[in-house]
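Before the details, here is a request to look at the model slowly, with attention to the terms used to describe it.

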Amino acid sequence: MTRFACIAMFTMALLVPCLGARGEMRFPPPEFESGYQFPQTTHPPTARSALYEYVDAALLVVTLLLASHLILRRRSRRAIFVLMIAALFYFGFWRDGCICPIGAIQNVTLTAFDSTYAIPLAAAAFFVIPLVFTLFCGRVFCGAACPLGAIQDAVLIHPVRVPRWLESGLRLLAYTYLGAGVLFAAMGSTFLICRYDPFIGFFRMSGNWNILILGVSLLLIGLFVGRPYCRFLCPYGVILRHLSRLSKRRVTITPTECIKCRLCEDACPFGAIREPTEDWPEGEYKIAKKRLALFLMLLPVLIAAGGWGGYSLKERLARMHPRVRTAERVFLEETGQVTGTTNASDAFRTTGQTSEFLYKDATKIRSRFAVGGGLLGAFIGFVAGGKLVALSVRRRRTEYEADPAGCFACGRCYTYCPKEHERLKENRGTLLARGKQ
Amino acid sequence: MPSNKEDMTRRKFLREGLWGTCLAGAGTAAGLSVARNNQDNTVWQIDPYKCIACGNCATYCVLEHSAVKCIQAYAICGYCDLCTGYLVPEPKALDTGAENELCPTGAIKRTYVEDPYYEYTIDEPLCNGCGKCVKGCVAFGNGSLFLQVRHDRCLNCNECAIAAACPSQAYKRVPAGQPYLLKGVGAKE
């Protein structure tokens, strides 16, 4: 009989399905006669302790200190390589590649724009520490600590030269990626840079197929084009490039003075070695001056065009926000333009909010994206214009130098320099002499 | 480009100034984030009252076997014989036969307590977080079955792949000190 009572209650529940919206009991807990005690809900395991993250931050500092020493003092490619592989295994494979400074850009951005978001200390540390090291020692983070850089550096077997203009043009992608990552993080819609991290799938040994394919293709390209992600996509690299120009110490190809033997000319697989320049030929100087003036005038035009372009993309950009997507879907359903519902529109209806409220929300987000998209476009226009201006400015160089912005501090060029061999010989001599004493 | 001594010092001055500004900027970023930090790290968790049990948790997690699993809140369970979280709609019989079970991995164990009550227990290693039972339980039962991110499994990614795919925005960052949003806690015991 009681079974039928249960079934009867079940049919009743079918008739009044709206009752149980917030945990109201359709079936009151039974009063057991057999003395049965219901078990406590198993207490699920606690979250991993935050200690790990402090250990990570400390290890990052240690790695960077060691890297700075190996790159600037010891000048040994082999030692740098060993450290790089160790960092790849720890920060990459052991810690699953998360958190990393590249993704931490977004955490910092979200902190600035969302007052309710509390940034994890590890994310803040991972963002700031490499910046500080770059200001003092150049891009040592890229050279020996970054797991994404390391995995690409390790597969580079036959570097081909990328023409300077192509490299500079492709780098616009990285600026765009940085701008977009910051925009979407600021709007609280998504962490774009994390979502499209190409190598995290390898570090975790699982993940989305599309991203794994992206990672594999980047590594395949990386067999011939050194560090494609670092050079053409990495948003954190963009920041480090510019800080590295200001750094107090940096990689120098020669330990003493350049004798312009040109032996290091092809040493850099990343095209970061700049040859000495001569003064402008008289005729060309005038042309360059005119060109510079033209590009400087073009700069505001490019910024305005970029801003307008970004502004006109506002609808599409806003669609990256889940709230806007839901609003669009609900609008289509309510106006009868589509039949059926999606999970998102169903979920919205269970919240009991009115669709007008949702539309108002979406409009607010869209207008924010109009401003953000405009700024993003203007930023891209500014970078493109800046690149054109930079083309017409000639820095005077008297020796072969590692371009501080493009140099990943990998240490490959050191042994190409005959002066370096002299230094090593001397070192060995002093060591031997010390040994004899 | 003509270069004289004055020009070089100006350039150097600008460089140094910019360098200092950048360092101060990095310091400010660090200081602000420390000030904002509430000394407690955050982890991802599902708000069970927002969850619609769409099934994305089982497929979108970066782990091969999702970090999300089902939890049974016994305190609010009805111990029904005809459990809509356990049995498929219109089951052939109210027993543990595989053809009657809703769970694709057979992770719910049904044990007899007393007439007409049955206890339902989640065999967690088998649960894949698909939420089929949750959907059934919430739709017609007390809603004692609900999904939670298990923090022994969760990698705590910076951007949770399931959160990005969640249609009801049920994922949120919660303090690591209280990493679960449990149903039925504080209910009549």
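Q: Which residues touch the most other members of the largest nonpolar core?

A: The largest nonpolar core has 157 residues, and those that touch the most other members are A:F126, A:V140, A:A144, B:C133, B:V134, B:L147 and B:I162. The largest share of this core, 12 residues, is supplied by helix 5 (residues 121-137) of chain A. A nonpolar core means a set of buried Ala, Val, Leu, Ile, Met, Phe, Trp, Tyr and Cys residues joined through C-beta atoms within 7 Å.

This is a predicted model, in which local features need pLDDT of at least 70 and side-chain atom pairs count only at pLDDT 80 or more, while totals for chains, interfaces and linings use all residues. Residues are numbered from 1 along each chain as its sequence is written, and chains are lettered from A and ligands numbered from 1 in the order in which they are written.

Q: Why is B:A58 called buried?

A: A residue is buried if 20 or more other C-beta atoms lie within 10 Å of its own, exposed if 12 or fewer, and partly exposed in between, with C-beta atoms placed from the backbone. B:A58 has 21 C-beta neighbours inside 10 Å, and therefore it counts as buried. B:A58 belongs to helix 2 (residues 56-60) of chain B, where helices (H or I, at least four residues) and strands (E, at least two) are DSSP runs numbered from the N terminus. Apart from residues up to four places away in sequence, B:A58 touches B:S66, B:N128, B:G129 and B:C130. Of these, B:C130 is 72 residues from B:A58 in sequence, yet the two are 4.8 Å apart in space, C-alpha to C-alpha.

Q: What makes chain B more spread out than a compact globule?

A: Chain B has 4 helices and 6 strands, which run α-β-α-β-β-β-α-β-α-β from the N terminus on. The radius of gyration of chain B is 26 Å, well over the 16 Å that the globule rule gives for 189 residues, so chain B is more spread out than a compact globule. That radius is taken over C-alpha atoms, and the globule rule is 2.2 Å times the number of residues to the power 0.38. Along its principal axes, the C-alpha trace of chain B spans about 100 × 35 × 25 Å.

Q: How many residues of chain B are in contact with chain A, and which element of chain B gives the most?

A: On the side of chain B, 65 residues are in contact with 65 residues of chain A. Helix 1 of chain B gives the most to this side, with 12 residues. By class, the side of chain B that touches chain A has 38 nonpolar, 16 polar and 11 charged residues; here Ala, Val, Leu, Ile, Met, Phe, Trp, Tyr, Cys and Pro count as nonpolar, Asp, Glu, Lys and Arg as charged, and the others, Gly among them, as polar.

Q: How do you know that strand 3 and strand 4 of chain B pair?

A: Two strands pair if DSSP finds at least two bridges between them. Strand 3 of chain B and strand 4 (residues 117-122) of chain B have 6 bridges, in the antiparallel sense. A hairpin of 2 residues joins these strands, and B:E114 stands opposite B:Y117 in strand 4. B:P116 lies in the loop between strand 3 and strand 4 of chain B, and the peptide bond from B:D115 to B:P116 is cis, with omega near 0°.

Q: Why is A:A409 called buried?

A: A:A409 has 27 other C-beta atoms within 10 Å, and therefore it is buried. A:A409 also has a positive phi of about 55° although it is not a glycine, and it lies in the loop between strand 2 (401-402) and helix 19 (418-436) of chain A.

Methods
Two residues are in contact if their C-beta atoms, placed from the backbone, lie within 7 Å.
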